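Hi,

Here is the structure I said I would pass on. Have a look at it first, and my notes follow below.

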Amino acid sequence: MLTRPFTRLVVAFGVRKISQRRLVEELVTGILILVPFGFLVGLLTSRICTKVHFQRFVRSDIWTTIVVFLVGDVLMEWLLPSLSCLPMVGHDIREDEYHYTFLWLLQSYGLYCPPNFASSESLLSPDATAILFSLRLVFLCIGVHIGESLCFVALTGGIATGKSTVAKMFVEYNTSTSSTQGFGGGNSGSNTNKRKAKKAAAASISNSGSGSSGGGNTASNNSNSALAITDDGYKEGTVYLICADSIAHEIILPPEVLAVGRKESEEDEHELDEVLGNDVEGSGEFVVPPADSVYQKIIDTFEGKDILTQNGRIDRLKLGAIIFSSREERRKLNRITHPKILMVLIRKLLGGVFLGSCDITMADIPLLFESGKLSWLFGVTICVTVGDPAIQLHRL
């Protein structure tokens, strides 16, 4: 199987050169087709490596090597011979014709070939084959690299397991040194703060315990790697943490409140801290822009029902009493809030990866496993659990 593509190319050389029109076509289709295709391949490959396990039969590192090798071999099996049937002016295409059809696209990537097409004039020369193959390989590798780099980390856990403590530990670690500021902000500190952050991290992990993660890691292992500080002060394993609870509670605020940009009033701080326990994002800023507010949609959907406070905001207790007493009302609210929460969360995750300076982009999602398919969005899952159920009951 490995030698067949090379054999096909060796016997499929001709005298055809690369025209300017063909080069422009390769650039356009490479950007519009190969890069997105490579992105999907890289994303799916990384998820297969981290989400599908056969630990009883093969180690995780060997499994990753096998998957990457097989995916790469399949791509080469298709990419190498795809140049043997490129559309050619004068062969079913007039020189003044610029009508690109789906059949032309299939022929450009070797998925369709007209009968009696192969000849010395229609087949590429060795130099032309090498140039176009290298160009396609570059576009494909760019897409694959972008796809495999989207390895988001999810932090989840049950009630009273210490997940909020672990999340706070990550934020405190980010702000405990005077190194590079991360995406979303960071403060400077002293060497004493470094030691305090390490002790606090070790204590929080010891108290809360750790469970197996969907990505094959544990909370304690990830925390140990996050606490590596080099001699020059660079923080290895810095985390940009996104709290899904913050997004869920901020999207129901009025747009004019979100437009302020910061939680300036005590009511804003208390409204979130009452549910979250602490502001794990470590800043007094709203994470949701005014355009993503669903305040008006909720008001229109539940028109005629008492869901507002005296200052005109949505009362979560009153709204909760309505939706938890009726499944249909709960579905109405979920249809409004869930798509918006997911959109804001994905936008924040992408911003953390491509625009941030932190090493790890992490989302704090309480009901990750209950959400079903949402877990496939994350390459690594850290699940915080309690080793002794009595400790969890005591916290409750």
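**Notes on the strands**

Let me start with β6 (residues 380-384): five of its five residues are buried, so this strand is largely enclosed by the rest of the structure. By buried I mean under 20% relative accessible area, with exposed over 50% and partly exposed in between (1.4 Å probe, protein chains only). Strands here are DSSP runs of E with at least two residues, numbered from the N terminus.

Before going on, the caveats: this is a predicted model, where local features need pLDDT of at least 70 and side-chain atom pairs count only at pLDDT 80 or more, while totals for chains, interfaces and linings use all residues. Residues are numbered from 1 along each chain as its sequence is written, and side-chain values use heavy atoms, with hydrogens and water left out.

In a regular strand, side chains alternate between the two faces of the sheet. On β6, V380, I382 and V384 point one way, T381 and C383 the other, and all are buried.

What does β6 pair with? β3 pairs with β6 in the parallel sense, over five bridges; I count two strands as paired if DSSP finds at least two bridges between them. Within that pairing, I382 of β6 sits opposite L155.

β5 (residues 360-364) is also largely enclosed by the rest of the structure, because five of its five residues are buried. I360, M362 and D364 point one way from β5, and T361 and A363 the other. Strand β3 (residues 153-157) runs parallel to β5 and is joined to it by three bridges, with M362 as the bridge partner of V153. Strand β4 (residues 239-243) is parallel to β5 too, through five bridges, and C243 has D364 as its bridge partner there.

Cheers

Definitions and conventions: Helix = DSSP H or I, 4+ residues; strand = E, 2+ residues; numbered from the N terminus.
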